[in-house]
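I am opening my notebook on this structure.

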Amino acid sequence: MSRASRAAFGCLVLATTGCYSPVDAVFYDYDSDQGHYAENAGHLEEARSFYWRAYVNANAGHLGPKAESNALYNYGRIAGLLCDFEHARKSLEGALELEERAEGPNGGLSGNRMFELARLNLDHAKYAEAVYWYDRAIPLARKSGFDRGSGDPIGFANELDRYASALEQTGDSARAAELRAESAKLHELHPGAEAYYVYDHYPSDCGPS
């Protein structure tokens with residue numbers, strides 16, 4: 001059987017799940033890279049378009065849930081920065097679902113997606129929803145050592161402060177105080193340290209969402 005015949009046969013066998021397309025993989029990488037370039041240059045509409053195309057290529061080319069999750073996550077972030085809250089929320093939730101499909105519940109980059117959903121909701125004053133996502137994300141970050149010196153203790157402290165803000169708005173001042181005390185302790189243990197990752201705040205002056 002020739003190489004082409006074997007490839008065709010493999011696609012036939014995989015018909016229920018689809019056949020990996022190296023051509024779509026090339027376009028996926030290209031659109032992802034162009035999206036990052038556009039985002040770093042501040043061209044958010046262009047970045048959103050490239051990230052969406054990356055997602056379409058990942059889906060059409062059967063590149064797997066990880067690739068789809070990455071593209072949809074990036075698309076969702078940019079949609080949020082462009083005040084498109086609903087597309088951002090649905091895209092980030094979809095990215096989380098795809099990540100867990102690939103890595104299992106709470107696996108892989110699931111915590112990353114949860115933190116982004118928490119920030120999005122917090123910046124849009126949807127405090128109960130923010131608490132829900134922080135309730136899920138913070139334990140995963142602790143488990144991965146995000147709060148320790150080998151992780152990103154100041155970045156973790158910043159998330160604790162955001163979590164506390166959401167809790168205060170929902171009336172849970174006791175838990176909020178505990179988190180703020182933990183954040184202060186992390187700053188004390190790591191004087192002069194800075195967060196490895198600094199996240200853009202989602203605009204809050206977008207009108208009704």
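Before I start, I note a cut-off: a residue is buried under 20% relative accessible area, exposed over 50%, and partly exposed in between. I also note that this is a predicted model.

**Entry: asparagine 158.** I looked up its accessibility. Asparagine 158 has a relative accessible area of 25%, so it is partly exposed. I found it in helix H8, residues 153-169. Which residues does asparagine 158 touch, leaving aside its neighbours within four places in sequence? They are His187 and Ala195. Alanine 195 is 37 residues apart from asparagine 158 along the chain, yet their C-alpha atoms are separated by 8.1 Å.

**Entry: H4 and H6.** I turned to helix H4 (residues 65-81) and helix H6 (residues 110-123). They pack at an angle of about 15 degrees, and their axes are 11 Å apart. Angles under 35 degrees count as roughly parallel, so H4 is roughly parallel to H6. Their crossing is left-handed. From H4, the contact uses Ser69, Asn70, Tyr73, Arg77 and Gly80. From H6, it uses Asn112, Arg113, Glu116 and Leu120. I sorted these contact residues into two nonpolar, four polar and three charged.

**Entry: positive phi.** I checked cysteine 83, in the loop between H4 and helix H5 (85-103). Its phi is near 70 degrees, a positive value in a residue other than glycine. Cysteine 83 has 32% relative accessibility, so it counts as partly exposed. Next I checked asparagine 106, in the loop between H5 and H6. Asparagine 106 is not a glycine, but it has a positive phi of about 65 degrees. Its relative accessible area is 38%, so asparagine 106 is partly exposed.

Key
Residues are numbered from 1 along each chain as its sequence is written. This is a predicted model: local features need pLDDT of at least 70, side-chain atom pairs count only at pLDDT 80 or more; totals for chains, interfaces and linings use all residues. Side-chain values use heavy atoms; hydrogens and water are left out. Axes are lines fitted to C-alpha atoms, for helices over the stretch in contact, and angles run from 0 to 180 degrees between N-to-C directions. Helices (H or I, at least four residues) and strands (E, at least two) are DSSP runs, numbered from the N terminus. Angles under 35 degrees count as roughly parallel, over 145 as roughly antiparallel, 65 to 115 as roughly perpendicular and the rest as oblique. A crossing is left-handed if the near helix is turned anticlockwise from the far one by less than a right angle, and right-handed if clockwise. Contact means heavy atoms within 4.5 Å. Ala, Val, Leu, Ile, Met, Phe, Trp, Tyr, Cys and Pro count as nonpolar, Asp, Glu, Lys and Arg as charged, and the others, Gly among them, as polar. Buried means under 20% relative accessible area, exposed over 50%, partly exposed in between (1.4 Å probe, protein chains only).
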